[in-house]
Amino acid sequence: MAAMDDFFNKVKRKYPTIYDDLKAIFKNAQNDSPQRSMTLSQIPAYSQRTGEDFPVKGGTRTQMCFILTIPYVACFTSQIGTLRFFTIEGN
């Protein structure tokens, strides 16, 4: 896991607003409940927002793990195994 942590820290240093950008994407899409969740295939909204490709490349697991490092973001899988993300309200 240390290699993944190092990679994620490098991404956050290179793209210091990535968390804010992703939170804004979730907020704009009103992904605030499991019923209104977003899939990984909808993350291209990141490039529309920033003009850059989503910087976390690699497999689904890597992307999922990175997104789940964002505070108050949750994930579940549908019956067919599709990862779905949404935000939860923080205290």
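A disulfide, for this tour, is a pair of cysteine sulfur atoms within 2.5 Å. Keep in mind that you have a predicted model open. By that cut-off, the count here is zero disulfides.

**Stop one: the cysteines.** Select Cys65 and show its side chain. Its sulfur has its closest cysteine sulfur in Cys75, 9.5 Å away, so the gap is too far for a bond. Cys65 is buried, at 15% relative accessible area. Now click on Cys75: the 9.5 Å to Cys65 is also the distance from this sulfur to its closest cysteine sulfur. Cys75 counts as partly exposed, with 25% relative accessibility.

**Stop two: strands E2 and E3.** Next, select residues 73–77 for strand E2 and 83–87 for strand E3. These two run antiparallel and are joined by five bridges. To see one of the pairings, pick Phe76 and look across to Arg84, its bridge partner in E3.

**Stop three: the turn.** Where does Gly81 sit? You'll find Gly81 in the loop between E2 and E3. That hairpin has five residues between its strands, and Gly81 takes a positive phi near 95° there. Gly81 is partly exposed, at 46% relative accessibility.

**Last stop: strand E1.** Select residues 38–39, which make up strand E1. How does E1 pair with E3? The two go together in the antiparallel sense, over two bridges. Finish on Met38, whose bridge partner in E3 is Phe85.

Technical notes:
Residues numbered from 1 in each chain as written. Predicted model: local features only at pLDDT ≥ 70, side-chain atom pairs only at ≥ 80, totals over all residues. Heavy atoms only, no water. Buried < 20%, exposed > 50% of the residue type's maximum accessible area, 1.4 Å probe, protein only. Helix = DSSP H or I, 4+ residues; strand = E, 2+ residues; numbered from the N terminus. Pairing = 2+ DSSP bridges.
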